[in-house]
Amino acid sequence: MALDAETRDQLVRSVARFVDEVCIPREAEVANNDLMPEDIIQGMRELGLFGLTIPEEFGGLGLTMEEEVLVCFEMGRTSPAFRSTFGTNVGIGSQGIVMFGTDEQKKEWLPKLASGEMVASFALTEPGAGSDAASVKVTAIRDGDHYVVNGTKRFITNANRAGVFTLLARTDPSRKGASGISAFIAPRDTPGISIGKPEKKMGQQGAHICDVIFDNARIPANLRLGKEGEGFKVAMQVLDRGRLHLSAVCTGLSERLIEECVKYAKERVQFGQAIGQFQLIQGMLADSKMESYAMRCMALDAARKRDAGQNVTVEAACSKYFASEAIGRIADRAVQIFGGAGYVADHGIERFYRDVRIFRIYEGTSQIQQLVIAKNLLRDD
């Protein structure tokens, strides 16, 4: 159920204030230490950010897609590592349980995720499976009342903080492709589950990705999500929401970069005048504003259509594809406008330049978005 306008606006203002007063002043600290401070995480819990998409009956905020997009516009205005801290709880870490969980599973896990007491991660990607999600090789073989899981998941966001994983594993090795894959709730404290060390990354320091290794880990059969063989369906059902979430984050960051560029263009003097007076600088500012405005419009339009019950697979792919590519161009222009100052760490522009590169990869690469869009256009109804 949608929030009333006053409550929605109050939530958005509260998140905006948290970003301005807590997150932005500590961006460099988080990046330099590659660590999210506990007091900031606690602030996120108090705002309800870990439970944005979890139904109210389980302690979450139960936001509509449009409301989630509005919140993400604000969270996007700071370093993406802050959003990543709770992002896996908002996405498929919880949504697989929301959409496919039994009543018992929901009662057990969703309140912990909504409060931020527990972090959920999505364990899909493997050394040989990423964009080709149907090629999962980690196995989950039925053994009485349990499934025995073996194999390695790679690049799993928040794995070192997670208390539970939404796991995709192959329950029928004789069947190739998506039909042999099932989804599970995999508690982190299950014997046989271990976590690799955080990877060194190009950007988004403070947000960690790790391998998750399963060595004869026994997952109770009552923790399977949906029917056996429906795991791929579980994953695909939440992608539209995840793609619109990221589109909104990209939009918020584009607005932050434009704000920084405009301020710098007014202050930086060359050839006797502010560089903002030069038409070539103005052209870069104008192009960035045009793309940022288009990003915002696309995300809101698709979100409203999804809330109205429409299938927005194409719109979500269009929005994510455009936004993730556009934020790269906007960040590149920001470095150019700042010149040498944009290449050094003092202003944080070079950090944003590195941070945004991942947006074109996760939740489906740009090339996967192209395939989704084109295949749906060519599909016979």
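**Two helices side by side**

Author: Let's begin with a pair: helix α4 (residues 65-75) and helix α10 (residues 279-307) pack at about 155 degrees, their axes 8 Å apart. The axes are lines fitted to C-alpha atoms, for helices over the stretch in contact, and the angle, from 0 to 180 degrees, is taken between N-to-C directions. That makes α4 roughly antiparallel to α10, a label for angles over 145 degrees. This is a predicted model, where local features need pLDDT of at least 70 and side-chain atom pairs count only at pLDDT 80 or more, while totals for chains, interfaces and linings use all residues. Numbering starts from 1 along each chain as its sequence is written, and side-chain values use heavy atoms, with hydrogens and water left out.

Reader: Which residues in α4 and α10 meet?

Author: Contact means heavy atoms within 4.5 Å. From α4 come M65, E66, V69, L70 and F73; from α10 come R296, A299, L300, A303, R304, R306 and D307. The residues of this contact divide into seven nonpolar, no polar and five charged. In that scheme Ala, Val, Leu, Ile, Met, Phe, Trp, Tyr, Cys and Pro are nonpolar, Asp, Glu, Lys and Arg are charged, and the others, Gly among them, are polar.

Reader: How many residues of α4 are buried?

Author: Buried means under 20% relative accessible area, exposed means over 50%, and partly exposed is in between (1.4 Å probe, protein chains only). For α4 the tally is 11 of 11, so the helix is largely enclosed by the rest of the structure. Even E66, E67, E68 and E74 are among the buried residues. The packing partners of the buried residues are α1 (5-23), α5 (80-90), α9 (239-267) and α10.

Reader: And loops? Where is G51 found?

Author: Look in the loop between α3 (38-47) and α4. G51 has a relative accessible area of 0%, so it's buried. Skipping neighbours within four places in sequence, G51 is in contact with G60, L61, G62, L113 and A114.

Reader: Now zoom out. How many helices and strands does the protein have?

Author: There are 14 helices and 10 strands, both being DSSP runs numbered from the N terminus: H or I with at least four residues for helices, E with at least two for strands. The radius of gyration is 21 Å, close to the 21 Å that the globule rule gives for 381 residues, so the protein is as compact as a globular protein of that length. It's taken over C-alpha atoms, and the rule is 2.2 Å times the number of residues to the power 0.38. Along the principal axes, the C-alpha trace spans about 80 × 50 × 45 Å. Buried residues make up 53% of the 381.

Notes
Angles under 35 degrees count as roughly parallel, over 145 as roughly antiparallel, 65 to 115 as roughly perpendicular and the rest as oblique.
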